[in-house]
Amino acid sequence: MLQNKAHLDDTPVTPPTVAPTASGLSLPPLQDKFGRTFDYVRIAITDRCNLRCTYCMPEEGVEFGHKDTIITTAETLRIIAVLAKIGIKKVRFTGGEPTIRKDLPQLIAGAAATPGIKGVHLTTNGLLLHRMAKDLLAAGLTGINISLDSMDADRFMRITRRPGVETVLNNIQLALDAGYPRVKVNVVLMRGFNEDELEKFTCYTKDHAVTVRFIEFMPFDADQIWGTGDHFASAETIVNKIKSLYPNIGPAPGTRTEHHIFKVPGWAGKIAVIPAFTRSLCGNCSRIRVTADGSIRNCLYSDEQYNLRQIMRAGGSDDDMIALFRKAFAEKAIDGYESKKLSDAKGILDTTQQHRGSMTQIGG
Ligand code: SAM
Ligand code: SF4
């Protein structure tokens, strides 16, 4: 199953060498015991959302964190500055829905101005983008992923439980017209929901310079639909379907998670397939997740959390924070299957380490 696991084994590697950072500090980069280096942080800046996607959270929402537990602007920027000292180069703001945070331009500007940070990205449902598109670009955003699972108004409504497909489509166009670099469209492709739109989404790349990313459905839906039927479509199935529809499709360059990435010759955009559930990319993992309430997660499939907020609010130093990141990643399992097995075996369920069932709770 693990296509990229070949270079990984259980033998600990030698400690990382010191890497000078752009901030002038010389600290070892963040690595795990399998030699993977982590240089990309995804920070959830809220657990709340203006949509209710059925594959993500129920109509009534999930148990949202109290506002005092959500990391502040200053804390978020401090986390980024601390991470930059240990080699983190890319930041993605996610959620919940990050555009509902009024300080989003400030966060983007602060992250972009942090020495060592080379890219600042956003994952959004796109509904509010028209209100802030220029501000986000001016603040230094270097990439945007807009989630859209259907181009049909009724189906969009059924999936997200809210209207808005036209707004999202207009806002994707707006991002392209405004000159946003790296515009991507995230599509969670599910059987019985939207798999019949695979061709429509692929065709969208003919005239739109976007990467359409088909993402495997994962069981982080707050126990709504994963268990109710056969909705999962594997990356392999999706790739085969794309290849049968477009036999002349060819490989294209992409990011680490875009393991399967193609382009129809002559078309403006690209198509990627993300094996989020089958986890064939764990060997290449470079991600750190920070939840909206300030916990570090070393894997999407682990329930283990490391409470950074507590350290910051108790007056902890940058070194204390770095030590917690190092601990979290020293304890990272070899892949997502192992992470899940370890968490299940531990039965993590106390008040600070609850199982979190929705993507909004695990650092989006
Ligand atoms: N609200 C923003 C959005 O929807 O883009 C950002 C947060 S959302 C949790 C981040 C990404 O996770 C979205 O692309 C969404 O489609 C995806 N996602 C949420 N739940 C998922 C699930 N159960 N399986 C696969 N992807 C999921
Ligand atoms: Fe909101 Fe994004 Fe979850 Fe949909 S996937 S409910 S837009 S956080």
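Is F329 buried or exposed?

1. F329 has a relative accessible area of 0%. Because buried means under 20% relative accessible area, F329 is buried. Please keep in mind while you look around that this is a predicted model.

2. Seven aromatic pairs are counted in the model. In the pair of F38 and F329, the ring centres are 4.6 Å apart and the planes stand at 45 degrees, so the pair is tilted. The two residues come from distant parts of the chain, 291 residues apart: F38 is in the loop between β2 (26-27) and β3 (40-44), while F329 belongs to helix α9 (residues 318-330). F38 is buried too, with a relative accessible area of 0%.

3. Next, have a look at F220 and Y301. Their ring centres lie 5.2 Å apart with planes at 50 degrees, so this pair is tilted. F220 sits in the loop between β8 (211-216) and α7, and Y301 in the loop between β13 (295-297) and β14 (306-307), so the pair ties together parts that are 81 residues apart in sequence. Both F220 and Y301 are buried.

4. Y301 has another neighbour to point out: the charged end of R279 sits over the ring of Y301, 3.7 Å from its centre. A lysine is placed over a ring elsewhere, with K90 lying over the face of Y40 at 4.4 Å from the ring centre.

5. Aromatic residues also form a group. F217, W226, F232 and F277 are linked into a cluster by ring pairs.

6. Now to ligand 2. Which residues surround ligand 2? Around the ligand you will find C49, L51, R52, C53, Y55, C56, G96, N125 and T360. Sorted by class, this shell has five nonpolar, three polar and one charged residues.

7. With a relative accessibility of 46%, N248 counts as partly exposed. Setting aside neighbours within four places in sequence, N248 is in contact with V264 and P265.

Key: Residues numbered from 1 in each chain as written. Chains lettered and ligands numbered in written order. Predicted model: local features only at pLDDT ≥ 70, side-chain atom pairs only at ≥ 80, totals over all residues. Heavy atoms only, no water. Buried < 20%, exposed > 50% of the residue type's maximum accessible area, 1.4 Å probe, protein only. Contact = heavy atoms within 4.5 Å. Near = heavy atom within 4 Å. Nonpolar A, V, L, I, M, F, W, Y, C, P; charged D, E, K, R; others polar. Phe/Tyr/Trp six-rings, centres within 6.5 Å; stacked < 30°, edge-to-face > 60°. Helix = DSSP H or I, 4+ residues; strand = E, 2+ residues; numbered from the N terminus. Lys NZ or Arg CZ within 6 Å of the ring centre and 35° of its normal.
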